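Hello,

My notes on the ligand site and the pockets follow.

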Amino acid sequence: MRSLAGDVIRQAFFSCSEGKLHKRLYLAICDAILSGNLTPSSRMPPTRDLADELALSRNTVLRVYEQLQAEGYISSRTGSGTFVTHSVLDNLECRPAIRDHKAVAEDHSSLSARGLQLLEHASASPRQWGAFLPGVPDVANFPHRVLKKFTDRQARQRSPELLTYDTTGGSEMLKAALTDYLRTARGVQCTPDQILITEGIHQALDLVTRSLCNPGDKAWTEEPGYWGIKNILRMNGVEIVTMPVDEQGLVPDGEHSDPPRLIFVTPSHQYPLGSVMSLSRRQLLLAQARKTASWIVEDDYDSEFRFAGQPIPALQGLETDSPVIYVGTFSKTLYPALRLGYMVLPAQLKTALKRIHSELYRGGHQLTQAALADFIKEGYYAAHIRKMRQLYSRRRQILVNLINEELGSSFLGQYNSNAGLHLIMQLPPGVDDVSLAQRANSQGILVRALSSYYASNTRLSGLLLGFASMEESEIKTSFHRLVALINEAI
Ligand SMILES: Cc1ncc(COP(=O)(O)O)c(C=O)c1O
């Protein structure tokens with residue numbers, strides 16, 4: 001039977017054609033181990049299989065294995081096979097011979113201009129779990145066992161469709177479940193065939209940009225706004241036009257001479273400031289989009305977590321056949337690594353965008369999608385959101401109280417609404433939030449600087465503080481450490 005280790009040995013064996021067969025095989029295996037191609041604990045191929053593959057006698061292979069075993073390269077475990085030993089590298093003092101990947105210097109000269117530009121603006125936090133990291137839900141509370149039960153149940157159906165490529169925009173079951181959920185929970189107007197399942201909002205933003213914009217087109221983004229959108233626009237050669245945000249959300253500019261192809265907004269909970277787009281602003285924006293034949297992209301990333309008052313319905317549902325592409329995600333309600341999100345496509349774009357999605361990304365995760373559909377239909381999704389909403393509301397209140405008590409209410413961002421997974425702690429004008437955030441990060445307090453969300457030079461200074469994933473005691477201790485740093489900075 002062919003194996004990976006067998007392939008590695010075969011390649012090394014045939015690349016050296018001199019010497020006796022026994023010696024050649026011995027050197028080939030040593031070389032594979034010392035060069036790191038066969039790593040410690042790799043299983044060696046059975047002697048009979050290797051002999052067949054290399055057209056050698058089994059005795060030759062047995063002799064080589066015995067020699068390698070005597071020298072400590074490999075060891076056999078009764079009943080389980082022969083393995084490369086862990087101690088081989090230490091014992092043989094052979095480290096210099098091993099390819100040292102770290103020694104190869106980074107060289108970016110072969111990157112494209114777009115790749116270099118993306119690197120220059122890369123903003124994702126290298127750490128994705130820790131005190132005050134914004135936008136992260138409490139993944140520790142996720143009911144894995146329930147989802148596993150549904151996944152196992154779906155797997156038992158042995159439906160080939162669940163294990164092949166998807167070209168139809170996602171699992172029909174999930175699209176149906178989401179249609180009901182989005183109608184009742186978010187006021188979205190759609191039928192299941194308008195839904196496209198994505199690998200999260202990022203992919204949805206990439207899809208709309210690539211499908212609807214030509215290089216040189218303009219797109220409006222919020223100022224301050226989400227860096228993820230801007231990176232995608234830059235990568236696609238789309239000109240970013242930043243529009244100011246006030247307490248009612250994005251301020252559209254009806255007089256703008258060059259209309260945008262796309263308008264990106266977060267109306268339910270402006271990212272990052274936290275304001276809710278007012279009804280009159282929504283109507284203005286819809287009228288503006290209709291006038292200039294632009295598409296509004298509504299990023300509804302964390303709207304499930306509103307802790308007071310009524311939920312804010314989606315902009316998409318405000319008018320029938322609105323010029324809105326709605327994008328949502330399970331990253332905040334369940335967990336980010338699930339990499340599942342959804343789009344609600346306008347009727348005139350639904351077939352084209354599903355087709356382009358399939359050509360670009362090849363749909364998958366069908367089994368997980370089917371399990372998720374059961375999870376939603378049987379009420380577990382709504383129950384999990386309810387539970388998390390209560391938990392996050394308590395944690396947010398603890399943080400708000402701490403800010404009020406220890407720093408004063410002027411430190412609470414002016415647009416914060418009682419919602420979401422983070423809040424804005426505003427800093428006095430002139431405080432360098434970027435260096436403050438860097439200092440905090442170096443001590444494991446993963447705040448982000450508000451000013452880094454702006455493109456223009458008119459910036460508020462502040463910190464984004466995520467609270468959803470932190471236990472009460474951790475919020476308190478980390479907050480006190482942060483206050484000490486703030487006091488040093490002001
Ligand atoms: C405003 C906003 N939109 C979209 C996303 C990304 O969502 P996804 O994980 O579905 O790609 C984030 C992630 O933090 C976000 O903050």
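Which polar backbone atom is 2.7 Å from an oxygen atom of the ligand? That of isoleucine 201.

First, the basis. This is a predicted model, where local features need pLDDT of at least 70, side-chain atom pairs count only at pLDDT 80 or more, and totals for chains, interfaces and linings use all residues. Residues are numbered from 1 along each chain as its sequence is written, and side-chain values use heavy atoms, with hydrogens and water left out.

Ligand site:
- Alone, the ligand exposes 400 Å², and the protein buries 90% of that (Shrake-Rupley, 1.4 Å probe).
- Residues around the ligand (a heavy atom within 4 Å) include His202, Tyr226, Asp299 and Lys332.
- By class, this shell has four nonpolar, four polar and three charged residues (Gly counts as polar, Tyr as nonpolar).

Pockets (1 Å grid over protein atoms alone, 1.4 Å probe; an open set with protein on both sides within 12 Å along at least five of seven lines; lining residues have an atom within 4 Å of a point):
- The ligand takes the space of the largest pocket (more than half of its atoms within 2 Å of the grid points).
- The largest pocket holds about 620 Å³ (space filled by probe spheres set on the points). Its lining has 26 residues, with Gln128 and Gly135 among the closest to its centre.
- The second largest pocket has about 510 Å³. Its 24 lining residues include Arg448 and Ser452.

Regards

Methods: Polar contact = N/O pair within 3.5 Å; in protein donor to acceptor, adjacent residues only side chain to side chain.
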